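Hello,

Here is the structure I said I would pass on. My notes follow below it.

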Amino acid sequence: MEELWLEYAKRLQALASTGAAFTRDQYDRERYDEIAQIAMEMMARIGDVPVCRIEALIGPYATGYMTPKVDVRGVVFENDRLLLVKEKSDGKWALPGGFADVGLSPAENISKEILEEAGLVVDVAALIGVRHKSMGRSEPDSRDFYKLFFACNGKGKAAGPNDPSIADHAYFGRDTIPDLSTGRTTLVDIEMAFDHLNNVGRAASFH
């Protein structure tokens, strides 16, 4: 769970951005902008980082009516081993995926991510989990988003991975999971993936 004060700061930021987008009063807009700035300063204090880093993360999407972003992650098995990709940014591993692109369905998004990151063509079989990022064991984040997990079946290799942010990809057994990039994938996510492998017909989990 995220720290309560971080949750408060993110909610204040969202309310301020939404209010600024819809108000027609100049003075109200100034007040909303001030509230948004205070919220970012709170997040900077909590994370012990410069305010400019928070502004850089929030700025691109903090316009209009604020809603959570969507992150898609793929669960692909080969001989009971789970596909993971190695992130260049921290040298750690994660389920393939990332933020969903506009104009593509969830299934199209995760198919594209797996193809780009692992060079693997897949069929998307089922939605197996939905999680609010702050509800897991992920690292604290100034952004707010839902994580959608999809079970996928590999159909074959393509020309090769072409995502410059990914250093490698490999399959791992349940007892050989490497260090995880916990801002992207946690042990809870890994456990959910293996639970699905052993209980294919179960309903999707949601938190």
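At its relative accessibility, does Asp71 count as buried or exposed? Asp71 counts as buried, because its relative accessibility is 4%; buried means under 20% relative accessible area, exposed over 50%, and partly exposed in between, with a 1.4 Å probe and protein chains only. The residue forms a salt bridge with Arg73, and the closest N and O atoms of Asp71 and Arg73 are 3.0 Å apart. A salt bridge here is a side-chain nitrogen of Lys or Arg within 4 Å of a carboxyl oxygen of Asp or Glu. Arg73 is also buried, with a relative accessible area of 4%.

Some background before the rest. This is a predicted model, in which local features need pLDDT of at least 70 and side-chain atom pairs count only at pLDDT 80 or more, while totals for chains, interfaces and linings use all residues. Residues are numbered from 1 along each chain as its sequence is written, and side-chain values use heavy atoms, with hydrogens and water left out.

Overall layout

The chain has five helices and eight strands, in the order α-α-α-β-β-β-β-α-β-β-β-α-β along the sequence. Helices (H or I, at least four residues) and strands (E, at least two) are DSSP runs, numbered from the N terminus. Of the 207 residues, 39% count as buried. The accessible surface of the chain is about 11400 Å², and carbon and sulfur atoms hold 53% of that surface; areas come from the Shrake-Rupley method with a 1.4 Å probe, and for residues only the protein chains shown count as cover. Among contacts with a separation of 6 or more, 69% are between residues 24 or more positions apart, contact meaning heavy atoms within 4.5 Å.

Helix α1 covers residues 4-22, which is 19 residues, and its first and last C-alpha atoms are 27 Å apart, close to the 27 Å expected at 1.5 Å a residue. The expected span is 1.5 Å times one less than the number of residues. Buried residues of α1 include Leu6, Ala9, Lys10 and Gln13. Together with Leu4, Tyr8 and Ile46, Trp5 makes a nonpolar surface patch of about 390 Å², and α1 gives the largest share of the patch, three residues. Patch residues have over 30% relative accessible area and no salt bridge; like charges are joined within 9 Å, and nonpolar side chains (Val, Leu, Ile, Met, Phe, Trp, Tyr) within 5 Å.

The cores

In soluble globular proteins, nonpolar side chains tend to be buried together. The largest nonpolar core in this model has 14 residues, and those touching the most other members include Val75, Leu82, Phe149 and Ile190. A nonpolar core is a set of buried Ala, Val, Leu, Ile, Met, Phe, Trp, Tyr and Cys residues joined through side-chain atoms within 4.5 Å. At least two residues of this core come from each of β2 (81-87), β6 (145-157) and α5 (187-198). Helix α5 gives the most, with four residues. Contacts of Phe149, leaving aside neighbours within four places in sequence, include Arg73, Leu95, Ile128 and Met192. A second, separate core has 12 residues, among them Val72, Ile114, Ala118 and Leu148.

Other salt bridges

The whole structure has 12 salt bridges. In one of them, Lys112 meets Asp101 at 2.8 Å, N to O. Lys112 is in helix α4 (residues 106-118) and Asp101 is in the loop between β4 (97-99) and α4, so the pair ties together parts that are 11 residues apart in sequence. Asp123 and Lys155 form another, with the closest N and O atoms 3.8 Å apart. That pair links distant parts of the chain, with Asp123 in strand β5 (residues 120-132) and Lys155 in strand β6, 32 residues apart. Lys155 counts as exposed at 55% relative accessibility, whereas Asp123 is partly exposed at 39%. Salt bridges that share partners also join Asp101, Lys112, Glu113 and Glu116 into one network.

Loop between β1 and β2

Asn79 has a positive phi of about 50° although it is not a glycine, and its place is in the loop between β1 (69-78) and β2. Asp80, in the loop between β1 and β2, has a positive phi of about 65° and is not a glycine either.

Regards
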